[in-house]
Amino acid sequence: MATNSQSPVRENPLGLLDGAAYVLGAALTLLTVGYATVLAFGLPRVGIYAQSELYVNVFLGVGLAAYYVEYARSQLRDAADRSELRDGAADSDGRGEGAATGRSSGVRGRFRAGFARIDPAIAIVLAAIALLSTAYVHVHFGRLFEDAHLAGYTTVDILVGTVLIALAIDATRRAFGWIIAAVAVASVLYAHWLVIGIVFLTSNAIPVIDVPDVFRHTGMSWADIARDGAIGINGVYDPTLMGIGSTWVAIFIMFAGIAKAFGLMDFILTVGRELGTSLRTGVVQVAVVSSMIMGSITGSAAANTATTGSFTIPMLKEQGVRDDFAASIEAVASAGGQILPPVMGVAAFLMADILGVSYVQVIQAGVVPAALFYLSVCVAVHFTVLKFGWTSSDLSSFDWRLLLGGVHFTIPLFVLLYTLIYLRYTPLSAGLYTILSIVGVMIVKNLYDDGVDLETARATSRQTLDGVSQGGLEMAPLVGVLAAMGLIVELLEGTGLTQGVATAIIGLGSGMLVVVLALAMVASIMFGLGMPTPAAYILVVVLVAPGVVRMGVPELTTHMFVFYFAMLSAITPPVAISVAIGSRIAGTSFTKSCLQALRIGAPGFVIPFTFVANNSLIYWSRETLFAFPVVLFGTIGLIVATVGFDGAHDLDVPRRALYAVAAIAAMFGSIEHVGIQVAGAAVIAAGLVYANVIVGYGADSRRGVEPSTLE
């Protein structure tokens, strides 16, 4: 009875929110596609497209509103699913056992239940506030953008700026947790009064805290923070973060949403499952490849682990892969997807704009490092599977006819590569042409398969609209975090902290490049803990990269260096967010999964140092033809040392040490040390040939041994 009486109440708001979220998601995509169309075809820039800042403001408002409405809808659905659990909790309260504990638990339970009921309403109110705040900026845009910095800001201006800052932080907290939101709050407090108060204490008669000079600054008033953080068309409107995020990043995320609606992801998964039945290592390598591809698009290692891991981890366990290894394989592959061109977890777009170089140059610089990491992970997974005997014995030939079901998807992918790499269009224009091509291809395909009639046209239109809406809703959570990161960057630069940190890193490193790089590595991992890779990259570029550049390392190499370690923070304890999610799905120990993830991903912590030592890995030249295979042998040698298996038999400590030394020799040293590099690569190659050819491939593999008895 209770369920029946409540269902109409639940269904009505859910239905309204479904419609609102659908409309706002579609509006965000159409807004972006419209802006791309104006720029690509040279149409008159009028209305909200008259200036890029006007467009960004509307994008911010619609994006925040779409996220809040979608959040409210998901919360209401979760509340409906938890209704029976709440009824159970109420029954337990009535039992009266453990008076104090029972009352405490009841109070907490009632508070949580009460907040869960009002939280969706709060989110809806915040959606309306986001639209109203950005509407205010739109109406007063001319004055705010051109005159207010001289004539002064009104009280309402400051209030709206404060509201926009609060919305950016709150949306980030809801979408990505407290870590980025806490950094944003800390940056606001640091800019306003935190250091001012400490300095005041230390300057009085009783010195309380000795504040390092690097953290001292003159301070900013709340009005200054509201001005620089938002209402002065700065901060949350940062031209790099929100400017690139609302164009280059958005168009690709929206293309991914449209492609999902048209079945591209389902096709990839189907091919992956079929391929898994044709490989000796089964679905393991398929899991690595699919996770890296998806991770390159999503821009979040945690989100990728949660989505692809939900089906890859159970498949790995079905093949016999131990729980902690299944979780670690998925976590490393999902994190590694962030460095995979051409999207690189959307950080490639940000990197190109920050450095002022072409997008193609960033992609070119990322190819060799990504290949080194990807191949090293594949080798590590392959040797691990052979070592523990987790191979697939029931193999069948691959059904190539399956590929015909997705051959039409090659057309938009070809358009993407052709416009992006050959024609050198901007990512916004390339994304627009790719979206138009996939929509056109699907219209033709559906009409060909189902016939030319009204029903086919209606179904295709609905499918297209679903994709348009889904693309916008997938972009919406990123709007808040991009705005929050813009706020952080603006305030940290305004206080002078960024320059101070760079100077401090050089000082601590005593001018030694290796020490400075090590400090930069530690800082990049620490700043990246728990953050999506694009957000972590922005933070470490602002705080860490300048110190490395001052040591003479080229800018692009420096950005790739810190970007790599920001990515690796997703598998680095104590947070290791990707491993945490993977271990939860696998139902295994987080600590054990972290250990295996560090083993599999070990070369990733060394590869960034190799392209500082071998610049030809970033800036292509004739030396690249030599450096890439030699460094690749080095990464394979390092994998053999960490996994303790060479493809044929387990290795004792001396042989593992030999592989490690040879790996370091092959991976490091410039072209002047070619003899040492070649010698290291030769030792590794000879060892692998001996193990897999002379001894026999897999001759001494530990197949059939219980995994639980192995290290």
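Here is a quick tour of this structure, from the whole chain down to single residues.

What you're looking at is a predicted model, where local features need pLDDT of at least 70, side-chain atom pairs count only at pLDDT 80 or more, and totals for chains, interfaces and linings use all residues. Residues are numbered from 1 along each chain as its sequence is written, and side-chain values use heavy atoms, with hydrogens and water left out.

**The chain as a whole**

- The chain has 29 helices and zero strands; both are DSSP runs numbered from the N terminus, with helices (H or I) of at least four residues and strands (E) of at least two.
- Of the 711 residues in the chain, 53% are buried. Buried means under 20% relative accessible area, exposed means over 50%, and partly exposed is in between (1.4 Å probe, protein chains only).
- Take the contacts (heavy atoms within 4.5 Å) between residues at least 6 apart in sequence: 78% of them join residues at least 24 apart.
- Carbon and sulfur atoms account for 66% of the chain's accessible surface, which comes to about 29900 Å². Such areas come from the Shrake-Rupley method with a 1.4 Å probe, and for residues only the protein chains shown count as cover.

**The nonpolar core**

- A nonpolar core is a set of buried Ala, Val, Leu, Ile, Met, Phe, Trp, Tyr and Cys residues joined through side-chain atoms within 4.5 Å. The largest one here has 211 residues, and those with the most contacts inside it include Phe 59, Phe 373 and Met 475.
- Helix 15 gives the most to this core, with 16 residues.
- Met 475 touches Phe 59, and its other partners include Leu 28, Val 249 and Met 254, leaving aside residues up to four places away in sequence.

**Around helix 25**

- Helix 25 spans residues 590-600, and its buried residues include Ser 593, Cys 594 and Ile 600.
- Among the parts covering those buried residues are helix 13 (323-336), helix 15 (359-388) and helix 27 (622-643).
- Cys 594 counts as buried because its relative accessible area is 4%.
- At the helix start, a side-chain oxygen of Ser 589 comes to within 3.3 Å of the backbone nitrogen of Thr 591.

**A buried glutamate**

- Glu 330 sits in helix 13, and it counts as buried because its relative accessibility is 1%.
- A polar contact of 2.6 Å joins its side chain to that of Thr 312. The term means a pair of N or O atoms within 3.5 Å; within protein, one must be able to donate a hydrogen and the other to accept it, and residues adjacent in sequence count only if both atoms are side-chain atoms.

**Charged pairs**

- Side chains of opposite charge can pair when their charged atoms come close.
- The whole structure holds 15 salt bridges, each a side-chain nitrogen of Lys or Arg within 4 Å of a carboxyl oxygen of Asp or Glu.
- Asp 119, Asp 170, Arg 173 and Arg 174 are linked in a network of these.
- In the pair of Asp 119 and Arg 174, the closest N and O atoms are 3.2 Å apart. This pair links distant parts of the chain, with Asp 119 in helix 4 (residues 99-139) and Arg 174 in helix 6 (residues 155-176), 55 residues apart.
- Arg 174 also meets Asp 170, at 2.8 Å from N to O. These two are about one helical turn apart because they lie four residues apart in helix 6.
- Arg 173 pairs with Asp 170 too, at 2.9 Å. Arg 173 is partly exposed at 26% relative accessible area, whereas Asp 170 is buried at 16%.
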